[in-house]
Amino acid sequence: MNKEKNKNTRRWRGLWILLAGALLGAFLLAGTATVMHKTSDTEFCISCHAMQQPLAEYQGSIHFQNAKGIRAECADCHVPHQPLDYLKTKVMALKDVWGEATGKIDTPEKYESHKLAMAQSVWETLKKSDSATCRSCHSFEAMDVLAQRTEARQQHPVAIKNGETCIDCHKGVAHILPDMSELAASGASELANAAANTPGNATTLYSTATQPFWLSMDSKQHNAGNLMPSTKLSVVSREGEMVEAEVSGWQQDGVSEVFYAAAGKRILSVLLGEEAQSKIKTLSSKTDPGTGLVWSKVVLRVWLPRQQLIDKPEPIWHYAAEMMSANCTGCHGLTALDRFNANQWIGVVKGMAPRTSLTQEQLRVLTQYVQQHASDMPSDAAAAQ
């Protein structure tokens with residue numbers, strides 16, 4: 001009898017322990033969920049002193065106030081919905097608590113100095129997740145593309161076709177873009193490294209920057225002109241650090257100071273001094289039926305140092321594409337390269353240049369990139385140059 005009573009007592013005790021554990025677990029789960037939720041709302045996010053500058057930028061964006069009255073809160077963009085990604089994000093957010101405690105970005109000056117690194121971190125996360133948080137509100141499938149503005153109507157089908165993700169074109173939708181000059185400088189450094197590793201037996205080369213040239217090996221004399229970034233060269237010979245090469249292009253009748261990359265297109269390729277103009281060889285000529293202008297295919301033999309020459313144009317285009325993405329998405333989406341023809345791109349770049357932090361040299365590289373890939377240029381423009 002006592003054994004049966006003890007058995008029942010142990011059974012009830014076990015049930016009570018199980019019930020207490022279940023209640024404790026439920027309490028902890030509810031408490032954890034509440035804490036997670038409360039630490040994800042905008043009020044909590046902006047309670048830190050360091051968040052006042054990001055808050056001001058956000059309040060000036062279309063995500064904060066718009067005609068439809070739909071507001072994207074901090075968590076909508078920065079906290080993913082997938083359980084594992086959600087937990088990872090919450091754990092990684094502890095570094096922000098440490099940053100607040102140590103005053104990492106507690107002044108406008110500190111904030112600006114770290115802004116690019118912080119932005120790149122967010123962009124990289126969004127890129128890896130295929131802009132998952134963006135797509136929780138926006139999706140290509142739900143878009144009425146025909147009802148969109150002209151720019152979006154032209155570019156979204158291209159993005160869908162190319163498998164692009166939101167952050168590729170929309171880096172400045174909620175916060176003012178950081179100073180991109182450091183990013184551009186990093187890209188220029190990568191180009192320099194590529195030039196340093198260019199094979200010594202390469203027969204075709206491309207200038208990575210505005211490059212002076214000479215008509216002889218003696219580079220101590222005044223240069224005879226300049227090559228523009230991405231100009232194609234056919235190697236003739238090499239002498240130490242100097243390369244002898246032929247550069248070809250097109251000249252408009254009566255305009256002997258420049259080579260253009262294509263007939264009828266104002267894509268500057270070579271700027272020529274007086275002596276260089278006298279050394280040009282004309283290969284053929286044709287008349288543009290639309291304008292009646294005569295264009296001549298010409299070639300010039302030049303000497304130049306090898307330090308800023310690479311054997312393929314792709315690194316130049318990658319550098320330019322990164323600059324375009326970084327500097328041209330603060331006010332609008334990334335403009336498709338075939339949105340304008342080669343001549344129209346000149347005015348577009350000049351008009352937008354004051355809104356960027358790009359130098360004149362960087363703008364030259366960017367201009368070459370958009371012109372060489374414009375709507376009226378062949379898809380293999382770099383090879384056809």
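Asp179 counts as partly exposed because its relative accessibility is 46%. In this predicted model, Asp179 belongs to a surface patch of negative charge, together with Glu109, Glu112 and Glu182. The points below cover that patch, a neighbouring topic on loop placement, a strand hairpin and the salt bridges.

**Negative patch and loops**

- The loop that holds Asp179 runs between α10 (166–169) and α11 (181–196).
- Gly163 is found in the loop between α9 (150–162) and α10.
- Gly163 counts as exposed because its relative accessibility is 61%.
- A distance of 28 Å separates the C-alpha atoms of Gly163 and Ile346, which are 183 residues apart along the chain.

- Strands β8 (residues 281–287) and β9 (residues 294–305) run antiparallel and are joined by six bridges.
- Ser284 has Lys297 of β9 as its bridge partner.
- Six residues lie between β8 and β9 in this hairpin, and Gly292 in the turn has a positive phi of about 80 degrees.

- The model has a count of 11 salt bridges.
- One of them joins the side chains of Glu246 and Arg301, with an N to O distance of 3.1 Å.
- Because Glu246 lies in strand β5 (residues 242–252) and Arg301 in strand β9, this pair ties together parts that are 55 residues apart in sequence.
- Glu246 has a relative accessibility of 31% and therefore counts as partly exposed.
- Arg301, at 41% relative accessibility, also counts as partly exposed.

- The side chains of Glu361 and Arg364 form a salt bridge, at 2.7 Å from N to O.
- Both residues, Glu361 and Arg364, lie in helix α15 (residues 360–372), where they are three residues apart, about one turn of the helix.
- Glu361 counts as partly exposed at 25% relative accessibility.
- Arg364 has a relative accessible area of 35%, so this residue is partly exposed.

**Salt bridge between Lys95 and Asp96**

- Lys95 and Asp96 meet through their side chains in a salt bridge, with 3.9 Å from N to O.
- Lys95 counts as exposed because its relative accessibility is 51%.
- Asp96 is partly exposed, since its relative accessible area is 49%.

How values were computed:
Residues are numbered from 1 along each chain as its sequence is written. This is a predicted model: local features need pLDDT of at least 70, side-chain atom pairs count only at pLDDT 80 or more; totals for chains, interfaces and linings use all residues. Side-chain values use heavy atoms; hydrogens and water are left out. Patches are made of residues with over 30% relative accessible area and no salt bridge: like charges are joined within 9 Å, nonpolar side chains (Val, Leu, Ile, Met, Phe, Trp, Tyr) within 5 Å. Accessible areas come from the Shrake-Rupley method with a 1.4 Å probe; for residues, only the protein chains shown count as cover. A salt bridge is a side-chain nitrogen of Lys or Arg within 4 Å of a carboxyl oxygen of Asp or Glu. Lys and Arg count as positive and Asp and Glu as negative; His and the chain ends are not counted. The place of a charge is taken as NZ of Lys, CZ of Arg, CG of Asp or CD of Glu. Helices (H or I, at least four residues) and strands (E, at least two) are DSSP runs, numbered from the N terminus. Buried means under 20% relative accessible area, exposed over 50%, partly exposed in between (1.4 Å probe, protein chains only). Two strands pair if DSSP finds at least two bridges between them.
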